[in-house]
Amino acid sequence: MNKNTIILIILPISIIILGIVLNFPEFLMGSPASIKNLIVTIVFFTVWILILGICFKAMNRKIMLCYSAFWIFTLIIATLTFYIRISEITLPEVIPLITLFLTQWYGTNYFVDSQLTTSIWVSFISLTMFIVTIISSIKWKQV
């Protein structure tokens, strides 16, 4: 395993965990998002852009497919959260998944006071990231 591969595995896991740890208290309590939460979200997204750049350069198809899975799960959970909010149903069994995939995005609430809007934004960003990762994987398969 080369240096880039190790970075491409450890960095995403680290930034996901860091985002959860730093944003979880406000996320759990439903407190207004603070500047700290916003910074965590910005760093989370920026690091993901960096990660994708490294992966593009390394042309690591297997890891990019793993990233695709992460982003499609994030998209599904954000969309499900949107559905839960508008239908006012409770699905306690998805709370761990919401925590894992959406806590890092809590800083977006700094600009909006609506979980629905946040779910839409996270869905859009996740869909975009999924498309980028999947297209890259397909392109590299043809090379």
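The protein chain exposes about 8300 Å², of which carbon and sulfur atoms supply 75%, with accessible areas taken from the Shrake-Rupley method with a 1.4 Å probe, where for residues only the protein chains shown count as cover. This is a predicted model, in which local features need pLDDT of at least 70 and side-chain atom pairs count only at pLDDT 80 or more, whereas totals for chains, interfaces and linings use all residues. Residues are numbered from 1 along each chain as its sequence is written, and side-chain values use heavy atoms, with hydrogens and water left out.

**View 1. The protein chain holds five helices and zero strands.** From the N terminus on, the elements run α-α-α-α-α, where helices (H or I, at least four residues) and strands (E, at least two) are DSSP runs numbered from the N terminus. The radius of gyration of the chain is 16 Å, close to the 15 Å that the globule rule gives for 143 residues, so the chain is as compact as a globular protein of that length; this radius is taken over C-alpha atoms, and the rule is 2.2 Å times the number of residues to the power 0.38. Along the principal axes, the C-alpha atoms fill a box of roughly 45 × 30 × 25 Å.

**View 2. The largest nonpolar core has 27 residues.** Such a core is a set of buried Ala, Val, Leu, Ile, Met, Phe, Trp, Tyr and Cys residues joined through side-chain atoms within 4.5 Å, and buried means under 20% relative accessible area, exposed over 50% and partly exposed in between (1.4 Å probe, protein chains only). The residues with the most contacts inside this core are Phe44, Trp48, Ile51, Tyr67, Phe70 and Trp71. Two or more residues each come from helix 1 (3-29), helix 2 (35-58), helix 3 (61-87), helix 4 (95-102) and helix 5 (115-142), and the largest share, eight residues, comes from helix 3.

**View 3. Trp48 and the residues that it touches.** Leaving aside residues up to four places away in sequence, Trp48 touches Pro12, Ile15, Ile16, Tyr67, Phe70, Trp71 and Met129, a contact being heavy atoms within 4.5 Å.

**View 4. Cys55 and Cys66 are each in no disulfide.** A search of the whole structure finds zero disulfides, a disulfide being a pair of cysteine sulfur atoms within 2.5 Å. For Cys55, the nearest cysteine sulfur is that of Cys66, 9.3 Å away. Cys55 counts as buried at 0% relative accessibility, whereas Cys66 is exposed, with a relative accessible area of 52%.
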